[in-house]
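Welcome! Please open the structure in your viewer, and let us take a short walk through it together.

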Amino acid sequence: MEDSLIVDMFFKRQEAALFKAQEKYGKRIYTTAKNILLSDEDAKECANDTLLKAWDAIPPNRPSFLGAFLSKIARNLAINRWRAKNTQKRGSGEVDLLLSELTDCIPHLDSPDKAYESSLVVESINICLGGMEQTARAVFVRRYFYGESIYSISKRFQIGESNVKSKLFRARKLLKEQLEKEGVVL
């Protein structure tokens, strides 16, 4: 079923929209959450919460790409759940690693002024990603948006893990240079 038809069903408040979204994007939502949370049970809950959030968000939002919209909700919910679980105990999970890899090229948003800059940062990131070679861009998004492991990415693209690490290193370096060029304080 086309995304636009599913979104129309959400706008008409038809519960079948939830089933169609689950049928089409359920695996992607679950996998996104599982990559971050590393727990089947938490990932399943997050997937269900994602559909509930989508139900609340559509309308007024009318996403052009329903899969990306749902993935973003799932990712944000999973990160929030991960943070809540790890505030008392700091484990050495994959999310810690992902965030530490990006600390040099993403500014901290600890003030209202910096929060305003976030829209400029998003635009700069999009420009940077748009200028990357297709495989490098896909590797970057798989790692830092979907939270996939280096091993999983290497299997997906049939390249060595060292090649994946190299592409990620170059992409982070390019992103940092792009943000500095745009005047974003890191």
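Before the first stop, a word on terms: an axis here is a line fitted to C-alpha atoms, for a helix over the stretch in contact, and angles between N-to-C directions run from 0 to 180 degrees. Keep in mind, too, that this is a predicted model.

**First stop: two helices.** Select residues 16-37, helix H2, together with residues 40-57, helix H3. Their axes come within 8 Å, crossing at roughly 135°. Angles over 145 would count as roughly antiparallel and 65 to 115 as roughly perpendicular, so H2 is oblique to H3. The crossing in which H2 passes H3 is right-handed.

**Next stop: the largest nonpolar core.** Select Phe-10, Ile-29, Leu-66, Phe-69 and Leu-70, the residues with the most contacts inside this core of 28 residues. Helices H1 (3-11), H2, H3 and H4 (66-86) each give two or more residues to the core. Which element gives the largest share? That is H4, with 9 residues.

Zoom in on Phe-69: beyond its sequence neighbours up to four places away, Phe-69 touches Ala-57, Ile-58, Asn-61 and Pro-63.

Notes: Residues are numbered from 1 along each chain as its sequence is written. This is a predicted model: local features need pLDDT of at least 70, side-chain atom pairs count only at pLDDT 80 or more; totals for chains, interfaces and linings use all residues. Side-chain values use heavy atoms; hydrogens and water are left out. Helices (H or I, at least four residues) and strands (E, at least two) are DSSP runs, numbered from the N terminus. Angles under 35 degrees count as roughly parallel, over 145 as roughly antiparallel, 65 to 115 as roughly perpendicular and the rest as oblique. A crossing is left-handed if the near helix is turned anticlockwise from the far one by less than a right angle, and right-handed if clockwise. A nonpolar core is a set of buried Ala, Val, Leu, Ile, Met, Phe, Trp, Tyr and Cys residues joined through side-chain atoms within 4.5 Å. Buried means under 20% relative accessible area, exposed over 50%, partly exposed in between (1.4 Å probe, protein chains only). Contact means heavy atoms within 4.5 Å.
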